[in-house]
Amino acid sequence: MLDHIRIVLVETSHSGNIGSSARAMKTMGLSQLYLVSPKSVDEQSIALAAGADDIVKNANIVGTFDEAIADCSLVIGTSARLRHLQSTLIEPRECAEKAISHQGKVAIVFGRERVGLHNDELLKCHYHLTIPANPDYSSLNLAMAVQLVSYELRMAGLITNSSMISASSEEQYATSQEMEYFFKHTEQLYQSLGFIQNQGVMPKLRRLYNRLHVERNELNILRGMISCVEKRLNLTQKDS
């Protein structure tokens, strides 16, 4: 019931954190681990996995954030920075409920130990996960955070009827990669029309469309509209 959910660790600097996170995942029934440009995966990773070395050895190692989430239609990024993210903030329990019930592949992304996720990466997330820890001492290491979220995922999965998650419905939502094509196409058109004249427009459009959580057939309509405008522009230019 958790196979459609992946844990993504971005540029992990301490190899032991990879093993500890894998152990946290396995205790709660998660098995899909993606590593984005880890500094190293070594004997310490295996040692701290403490029996979950199969998850470490089978981890998908990719070079970029985009590769790790390309086929996912729901991306949830962890962040301790609350500014500008208020409308998309969720806590672990709500995160688990959304992930379990989602009809498609889900990525729950944990950032770098020291600086977390970069702003451009946060913009590509549909929701932003924050852990409401003690404000006087909110020091959670990476494996602790993965354990907490993994626990909530398991509890939500036990409550939810797993039959609701079917392979046939996986195609309902547009994937991250498909949305990226749409954003690039949109940006090119709006720039040619003179609508986009500064760098602040596209991030706002990204937040708007990610908040709507576009279905694939809706995305096809949007792309068709853009193509129609482009064709009319080309005809107008030829006539002139």
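Helix H1 covers residues 15–27, and because its 13 residues should span 18 Å at 1.5 Å a residue, the 19 Å between its end C-alpha atoms agrees with that expectation; the expected span of a helix is 1.5 Å times one less than its number of residues. Helices (H or I, at least four residues) and strands (E, at least two) are DSSP runs, numbered from the N terminus. This is a predicted model, in which local features need pLDDT of at least 70 and side-chain atom pairs count only at pLDDT 80 or more, while totals for chains, interfaces and linings use all residues. Residues are numbered from 1 along each chain as its sequence is written, and side-chain values use heavy atoms, with hydrogens and water left out.

The buried residues of H1 (buried means under 20% relative accessible area, with a 1.4 Å probe and protein chains only) include Ile18, Ala22 and Met25. The elements that cover the buried residues of H1 include strands E1 (5–10) and E2 (32–36) as well as helix H7 (142–159). Just after H1, Gly29 takes a positive phi of about 90°.

The chain crosses from E1 through H1 to E2 in a right-handed β-α-β crossover, which is to say that, with the strands pointing away from the viewer, the path from the first strand over the helix to the second runs clockwise. Four of the five residues of E2 are buried. Two strands pair if DSSP finds at least two bridges between them, and the pairings that involve E2 are listed here.

| Strands | Sense | Bridges | Residues opposite each other |
|---|---|---|---|
| E2 and E3 (60–62) | parallel | three | Leu35 and Ile61 |

Leaving aside neighbours within four places in sequence, Leu153 is in contact (heavy atoms within 4.5 Å) with residues including Leu2, Ile5 and Ile108.

A search of the whole structure finds zero disulfides, a disulfide being a pair of cysteine sulfur atoms within 2.5 Å. For Cys95, the nearest cysteine sulfur is that of Cys125, 11 Å away, and Cys95 counts as buried because its relative accessibility is 0%. For Cys125, the nearest cysteine sulfur is that of Cys72, 11 Å away, and Cys125 likewise counts as buried, at 4% relative accessibility.

How values were computed:
Buried < 20%, exposed > 50% of the residue type's maximum accessible area, 1.4 Å probe, protein only.
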